[in-house]
Amino acid sequence: MSVRVQSISRAEHLAFVAARPSASHMQIPSWGDVKPDWRAESLGWFDEEGRLAGVGLVLLRPLPKLKKYLAYLPEGPVLDWHAPDLVERWLTPMLAHLKARGAFSVKMGPPVVVRRWSADAVKAAIADPGARRLRDAEASAYEPRAFDIADRLRRAGWEQTEPGGEDGFAAGQPRYVFQIPFAGRTLEEVHGCLNQQWRRNIKKAEKAGVKVVRGGYEDLAAFYTLYTETAERDRFLPRPLPYFQRMWNALNDEHPDRMRLYLAHHDGEVLAAATMLTVGEHVWYSYGASTGRKREVQPNNAMQWRMMADAHELGAAVYDLRGITDTLEESNHLLGLLRFKVGTGGEAVEYLGEWDFPLNKLLHRALDLYMARR
């Protein structure tokens, strides 16, 4: 028997997420306020007894001149992904609800881990001339149930979005991320897993007088100056400053410590800055920025270590460094960032990726063509 899917209040949505160990920061009600170009709706899944058994933040993007929407559930929804009747009981009523809302296509990102590679396994893969992508390398751990979920989704008509571009990043959320497990580990144990270069750089920053402090809303402008410099250096399109200001207000209005800003100072100059997000026991390094000046004082290592220490103090089970490239070739400009993250001693994690369900195949294909031309 399928569950009932309907709109719920923000309070119901937030209470459900708060009762769980973690959920993606893109599946909390306030994330809809960060995306004003989308219409946000909180969805609830109710079981036969009328109990709330799952939630999801769906973002609805209108098609120009048509009352039709792309429905997007980034890194969600939040439900029992291992339920044996996942498709029939949980996803089919969601599709019916969204179709009634005018959705022509649904995109979701199941928060389901497929494979993990230890730091040593990633380093070996980078050094192996035969491994062009991370997926070519032997994983340290597999999640067999994830492959079963993928099979069920395909049979039901869902289409997997392959990581786009030469660097393995899709247009939506990253399929490959780098995480540092904190659960059951002391901060000293976490520090002991950093490689020699990381530990040396943290000491070097301390001796050079780098000071890492927490900033406030008024410091977002300083962060943004470094962020635009980083965007030019690393070849990506920067978001506008109002995006980060809106994120700060929306997330921290929902929870006073949802979003933090860290800044690394040296001799009165801000050399690096980063945002940190927390939902339950999951902490994310969200956006990072740095200048090319004074790199020798290692502000980035100092800032990340302070953020890790604070996340550990908050009781985090995982510190998430977010997206990494899947491409291991030396010509890839993102390989240096992967090496930086591998130095933390954490693990590369592959998620199930994003999946589309075309409710109107003509409009869905038209959107695909439009996105391919961008």
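Author: Start with one term: contact means heavy atoms within 4.5 Å. This is a predicted model, so local features need pLDDT of at least 70, side-chain atom pairs count only at pLDDT 80 or more, and totals for chains, interfaces and linings use all residues. Residues are numbered from 1 along each chain as its sequence is written, and side-chain values use heavy atoms, with hydrogens and water left out.

Reader: Which residues is Y262 in contact with, leaving aside neighbours within four places in sequence?

Author: They are V212, V213, R214, A272, A273, A274, M276, M303, R306, M307 and D310. Take M276: 14 residues separate it from Y262 in sequence, and the C-alpha atoms are 7.9 Å apart. Y262 belongs to strand β11 (residues 259-266). Helices (H or I, at least four residues) and strands (E, at least two) are DSSP runs, numbered from the N terminus.

Reader: Is Y262 buried or exposed?

Author: Buried means under 20% relative accessible area, exposed over 50%, partly exposed in between (1.4 Å probe, protein chains only). Y262 has 0% relative accessibility, so it counts as buried.

Reader: With which side chain does the side chain of Y262 make a polar contact?

Author: A polar contact is a pair of N or O atoms within 3.5 Å; within protein, one must be able to donate a hydrogen and the other to accept it, and residues adjacent in sequence count only if both atoms are side-chain atoms. Here the partner is the side chain of D310, at 2.7 Å.

Reader: How do I read a strand such as β15?

Author: In a regular strand the side chains alternate between the two faces of the sheet. In β15, E347, V349 and Y351 point one way, A348 and E350 the other, and all are buried. Five of the five residues are buried, so β15 is largely enclosed by the rest of the structure.

Reader: Which strands pair with β15?

Author: Two strands pair if DSSP finds at least two bridges between them. Strand β6 (residues 113-118) pairs with β15 in the antiparallel sense, over five bridges. S118 stands opposite E347. Strand β9 (residues 176-181) also runs antiparallel to β15, with four bridges. There F178 faces A348.

Reader: What does the side chain of E347 make a polar contact with?

Author: The side chain of R116, at 2.8 Å. E347 has a relative accessible area of 19%, so it is buried. Beyond neighbours within four places in sequence, its contacts include W117, V177 and P181.

Reader: How do I read a helix?

Author: An α-helix has 3.6 residues a turn, so residues three or four places apart point the same way. In helix α1 (residues 10-18), H13, F16 and V17 are buried. They cover an arc of only 95° around the axis (taken from the directions from the helix axis to the C-beta atoms), which puts them on the same side of α1. On the other side, A11 and A18 are exposed. The buried residues pack against β2 (39-46), β3 (52-62) and β12 (269-279).

Reader: What is the average pLDDT of the protein chain?

Author: pLDDT is the predictor's confidence in each residue, from 0 to 100. The chain averages 94, and 96% of the residues score at least 70. Over residues 164-170 the pLDDT is below 50, though this stretch has 22 contacts in the model beyond near neighbours in sequence. Where pLDDT is low, the predicted coordinates should not be read in detail.

Reader: How many helices and strands does the protein chain have?

Author: It has 12 helices and 16 strands. Buried residues make up 53% of its 374 residues.
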